[in-house]
Amino acid sequence: MSNKGGVGSTFMGVARETIPWWPEVDSDKCDGCAGEFDCLKFCPHLVYKSLDNPPLIEVENKYNCVVFCKACQKMCPKDALSFPNKSDILRIIKEARST
Amino acid sequence: MFLSAKYVLPCAGYDRPGGKVSRLAVDLMQSMDSTIIIGSIGALAAERPVEIKDLRSSNVTCIDGCSMKCASKMVEKHSAREFDSVEVTKITDLDKSIDEKTRAVVDMILQLWDATSAAIPKTIEPEPKGDEYLTEMIDKFILRVKNGLFYSDNDFWVQQEGELTRIGATDLLQQMVSDIYFIDLTDVGTHADFGDELGSFESTKIAMEIISPLSGTVIEKNTKLEDSPELINEDPYGKGWLYIIRPDDISELDLLKTANEYLGYGVEKAKHELGKKVSE
C-alpha cells in the first residue's frame, strides 16, 4: 500500500507531525521474531525497519502510522510493541483543532 | 455499491425446452436493451472473475427452465444479495410456437421489473438516487461518498438514526483493502471510546481493525457479515453496515468530516494509497 511518508499529511484536520502516535519497541523483548520480523511484514504503511545481528525491529517512519490503529500489536509474539493512550491522543487533537 | 446494470442468467439446459426458450428470451431482451448482461452458468461454475464481478455488481434475474432451478442455485452460491427469478415451465408447456413462448417469457420478466421498481423498498437503507452520492473519478477508480453521513479519517462513516447511530466502512476503505473474507465483530453491549477498536476484519490484502468513529455502546451488530463479509465490498453504505451504536455525546460528530470534506480527503488519500493520480 502506501509508500508515501505521513509527513505533510493531516489527520482530523491536524498536521500529522503534531500527533505523537507511533509504536514504541521494547528492545529488551524484541528479538525480530528470530529474523521473521512479523510486524514489519504485516504493516502496509512501512512504519518499521529491520536490523540484523542481532535481529531487531525499529520504527523508521513514525508518521506513517495510522492514528488509532494498533493492529500490529496483536501480531507481536513477544508483546514488545506499545502505543500511546488513545484518550490522550484525542485530547491533543482536539486542542490542536481549537487553536 | 450502486447497482445500475441488469444481469440475466438463463437456464443452460440444452436438452430441455425451458433451456431453449430461456436462451432465446435473453437474446431478445439484449436486442431490445444492449446494456443487459447475459450471464453464463458455466462461467459462474468456473468462477471466472469477470463473471463473478458482473453478478455481484448488477441487479440479477434468473430464468429457471424447470423445477431444478439451476440458475437460481448458482446465483445463491456466488452472491449473498437478493435476486429475482422466474420459472418458465408453465410457458414452455403451452401449445404455442417457440417465438410466442419466447415473447411470453420476456413479457413475464419485464412485468417483474416494472413491479419491482414500483414497490416500496423493504430495506431500512434507502435506495441510492441521483445526488445521494458524491463521486470522483481517479484514473479508473471511482470514489463514492454518500451524502448526509459523517466520516472519520480512519475511513468509517456514521449515520444518525434518531437517538442512535449506524456505522460502517467507506467505499474508499473497501476499495483499498480489496476482498474481505473474514470479520470478527465485537459483542453487543461493548462500549468504545472514539478511536477504540470494535472488532477487526481480514481481506486478501490486509488485516485491520474497525476503529470506532465515535464514543458509545454497541446496540446491534450486523450478524449477516459473519457469513457474508463481502457485503462490505458490495454495498458499503447499505447492507455492509457494521454496528448500531448509542452515542455517549452526539456532539462528537463535530470531529468528523462531512461528505464533501471527506471526498476531498479521500481523493488525496486514494492518490497515495492506490498509487494513482487524480485526472484533471
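## Where the chains meet

In this predicted model, 17 residues of chain B are in contact with 21 residues of chain A. Together the two chains bury about 1700 Å². Carbon and sulfur atoms account for 58% of that area. Three residues stand out on the chain B side: E209(B), L255(B) and E273(B) supply 31% of the area that chain B buries against chain A.

E197(B) forms a salt bridge with K74(A). Their closest N and O atoms are 2.7 Å apart.

Two elements of chain B, β13 (207-211) and α10 (259-273), each supply at least two residues of the side that touches chain A. That side of chain B divides into 7 nonpolar, 3 polar and 7 charged residues.

## The sheet that holds β13

Strand β13 also belongs to an open sheet of 3 strands in chain B. The order is β10-β12-β13, and the pairing is antiparallel. β10 (180-184) and β13 stand at the edges with a single partner strand each, so one side of each has no neighbour in the sheet. Neighbouring strands are turned by 25° against each other on average, direction ignored.

Strands of a sheet pair through backbone hydrogen bonds. Here, 4 bridges join β12 (residues 197-203) of chain B to β13(B). E202(B) has A207(B), in β13(B), as its bridge partner.

Conventions
Residues numbered from 1 in each chain as written. Chains lettered and ligands numbered in written order. Predicted model: local features only at pLDDT ≥ 70, side-chain atom pairs only at ≥ 80, totals over all residues. Heavy atoms only, no water. Contact = heavy atoms within 4.5 Å. Buried area = accessible area lost by both parts, 1.4 Å probe. Salt bridge = Lys/Arg side-chain N within 4 Å of Asp/Glu carboxyl O. Nonpolar A, V, L, I, M, F, W, Y, C, P; charged D, E, K, R; others polar. Pairing = 2+ DSSP bridges. Axes fitted to C-alpha atoms, helices over the stretch in contact; angles between N-to-C directions.
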